[in-house]
Amino acid sequence: MNQLRRLPELFAPALLILATAWLGLAVSGYLQAYFVDTLVKVAIVVALYVFIGNSGVLSFGQISFVALGAWTAGLLTMPEDEKRIGLPGLAHFLLTTNTGNAASLALAAAVGGIAALLVGLPLMRLSGLAAGIATFAVLEITNNVLNYDGSIGPSLNNFSSVPATTGIWQAAIAGLICVAVSYVYQRTRFGRMLRATREDPAAAAAAGISIYRQRLLAFTLSGALAGFAGGIYVHLQPLAASNLYLDLTFITLAMLVVGGSGSLLGAVVGALALNGIFSFFSAATNGVGVLGWHLTVPSGTAEIVLGTLMAVVLILRPSGLTGGRELSLPRRRRPVADLEKARATT
Amino acid sequence: MTLAFLNLTWPTFADGLELGGIYALMAVGIGLVFGVLRLVNFAYGQLIMAGAYALAYGATWNLPNWESILLCFGVVLVLSVLMDRLVFRPLRLHSPAVMLVATFAVAFLLQNVALLKFGALPRSVGSLALLNAPWDIFGVEIKKIAVISVATAVGSLTILQLLLTRTPLGLHMRAAATDFRTARLLGVRANRVIGAAVILSGLLAAVSAVMLSVQDINVVPAFGLQDTIVVLAGVVLGGLNRPIPATLGGFAIGFATGILGGVLSSNQVQYLPAFVFAAVIVVLLLRPNGLFTRATGAVERV
């Protein structure tokens, strides 16, 4: 019975993703691109949620694992002759290796996970602001190296001629995979232990939980999901290192916080809501018809609306749109529960 | 005349001091607001950006330099007070993470307003660029702005230190930074102290805007953003909980960046941010409470 009550925790986010995909199929070609983009953002935000949401520690570094995943998947799927022309400085084994779509995504996840593990080994000892700045430093270092090292990627150029295999279905499946992994993780004892450390580090440590180990596990898992999402992203559009830097970090963190960083549902709702609004105003720069009237806005409006909205939601509802709660069926009223409630209120 | 090791010349050394001085000012601006509000203001760079645009418009309208600088101070102060009233005050009682993300939102918003209003092409702050001309000091050519920025940093920090230690307002601010709730119970007026911190921090942002726009005369919407990130790292590196370690941290990271920028070859200098931030990580691992603080073993607040 208890298991059944918990099912909406998985199905609500999954249904939201499927509904988005279905809506995306219903609209015409160039509008569909916005829906695919939104689904990729959902995958990235869920990857962020696995660490930030469950541990309560703010990390600015997860986008660097998205970037590493994008680099891996991009290099492993770009045709060899294109690499010879476009990326002359590339290391030899990267030049000759080509794995195809699915394997490149798995390897992107592996690279993201391993990088997160290596980074997390020292960094997860930190907490608070020191952790925030240290993860920011990771983002800066990754971006700097990817920007200038031509032997591992396109340096300042973008990934042109990567086969665009991410359509609406691949993006939806990627979102579903991230949601499922995140759900399974937060239902295991590891996820519960980590959330215990989020609520009260001292009490959790006293109960025998190693805060360091639990955070490291979540950081690694989050890095793997981020790498996977990065792979999906690079198969959608020609990315450059500058696309996977501060702006994406800000926007995805804002989605998580606005949705409600305490729950998986919050991560998905935040990504869908903010990216939906952002896409709407981006599309409106070319003019859209809404309920009969035609709306055209100057370019840049989307960013300004998004920034304002973020600030307003934070002021009015600082725990996010979902309040950091999962959707669950109402508890069956039992005498004991009533008694507890009565005790709590007096 | 050279400092013989590491190809370090006196002008490079002066560049290091210059950047260190500017970053120290920014560090104090960020540290003051953090001390009172427990708020890491990520939008500090956008205050500087707004100030630099004011200078650029002053140059376009052919205002005399002192009028452009006055305009810059006005714009930055109004904007920082608005920021506090509209965003930070309603969020004052919420968790530091929420406040930090709110400052992100403000930073993102202001940057895109600038992009929409002024465009992506750089605007020039031409009229102050004459400060880049060198002065001859004991046979060494040193840029005027290096001398001016070091002098301004030392002067501003001295005035600030006097204000904090010798005036009732300074006493209230220090009390609020130590324990806000107890300070309020003892009669310190929260809004006045916070308002003072915001205004002082805005003044320092305006000074930094003038200095930075001499160093880099091309003003773009991302002006000051990268500097703010580096200063934030420096402030945490030094120790965010006390003003002097925070200032030293800001100075240290600016000085190191300036020196390395002059010493490294162009091939290596592109990896300068990676070096600096790798050093930041190492220091944070060794001294998570800050480089210039004594370890007290107290629980971190944020």
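Trainee: How many helices and strands are there in chain B?

Mentor: Twelve helices and six strands. Keep in mind that this is a predicted model.

Trainee: What makes chain B agree with a compact globule?

Mentor: Its radius of gyration. A compact globule of 302 residues would have a value near 19 Å, and chain B has 19 Å, so the two agree. Along the principal axes, the C-alpha atoms of chain B fill a box of roughly 60 × 45 × 35 Å. Of its 302 residues, 49% count as buried. Contacts reach along the sequence too: among those in chain B between residues at least 6 apart, 75% join residues at least 24 apart.

Trainee: Why is B:Ala246 called buried?

Mentor: The cut-off is 20 or more other C-beta atoms within 10 Å. B:Ala246 has 29, so it is buried. The residue sits in helix α10 (residues 243-263) of chain B. Leaving out residues up to four places away in sequence, B:Ala246 touches B:Ala27, B:Gly31, B:Val235, B:Gly238, B:Gly239 and B:Leu240.

Trainee: Why is A:Ser155 called partly exposed?

Mentor: Buried needs 20 or more neighbours, exposed 12 or fewer. A:Ser155 has 17 C-beta neighbours inside 10 Å, so it counts as partly exposed. A:Ser161, with 15 other C-beta atoms within 10 Å, is partly exposed as well.

Trainee: How do you know that the buried residues of α10(A) line one face of the helix?

Mentor: First, the residues. In helix α10 (residues 189-199) of chain A, A:Gly191, A:Met193, A:Leu194 and A:Thr197 are buried. Seen down the helix axis, they fall within an arc of 160°, so they line one face. The face turned away from that buried side carries the exposed A:Arg189 and A:Glu199. The cover over the buried residues includes α3 (29-55), α9 (168-187), α11 (201-206) and α12 (211-234) of chain A.

Trainee: How do you know that the span of α3(B) is close to the expected one?

Mentor: Helix α3 (residues 65-88) of chain B has 24 residues, and 34 Å is expected at 1.5 Å a residue. From first C-alpha to last it reaches 33 Å, close to that value. Its buried residues include B:Cys72, B:Leu79 and B:Phe88. The buried residues of α3(B) pack against α15 (301-316) of chain A, together with α1, α2 (44-60), α4 and α8 (190-215) of chain B.

Trainee: Which elements give two or more residues to the side of chain B that touches chain A?

Mentor: Start with the contact itself: 36 residues of chain B meet 30 residues of chain A. The elements are α4 (96-118), α9 (225-238) and α12 (272-286) of chain B. α4(B) gives the most, with 14 residues. That side of chain B divides into 32 nonpolar, three polar and one charged.

Trainee: Which residues touch the most other members of the largest nonpolar core?

Mentor: A:Val46, A:Ala229 and A:Ala254, out of 211 residues in that core. Its largest share, 16 residues, comes from helix α1 (residues 10-37) of chain B. Among the residues that A:Ala254 touches are A:Leu274, A:Met310 and B:Phe104.

Terms used
Residues are numbered from 1 along each chain as its sequence is written. Chains are lettered from A and ligands numbered from 1 in the order in which they are written. This is a predicted model: local features need pLDDT of at least 70, side-chain atom pairs count only at pLDDT 80 or more; totals for chains, interfaces and linings use all residues. Two residues are in contact if their C-beta atoms, placed from the backbone, lie within 7 Å. Helices (H or I, at least four residues) and strands (E, at least two) are DSSP runs, numbered from the N terminus. Ala, Val, Leu, Ile, Met, Phe, Trp, Tyr, Cys and Pro count as nonpolar, Asp, Glu, Lys and Arg as charged, and the others, Gly among them, as polar. A nonpolar core is a set of buried Ala, Val, Leu, Ile, Met, Phe, Trp, Tyr and Cys residues joined through C-beta atoms within 7 Å. The expected span of a helix is 1.5 Å times one less than its number of residues. The arc is that of the directions from the helix axis to the C-beta atoms. The radius of gyration is taken over C-alpha atoms; the globule rule is 2.2 Å times the number of residues to the power 0.38.
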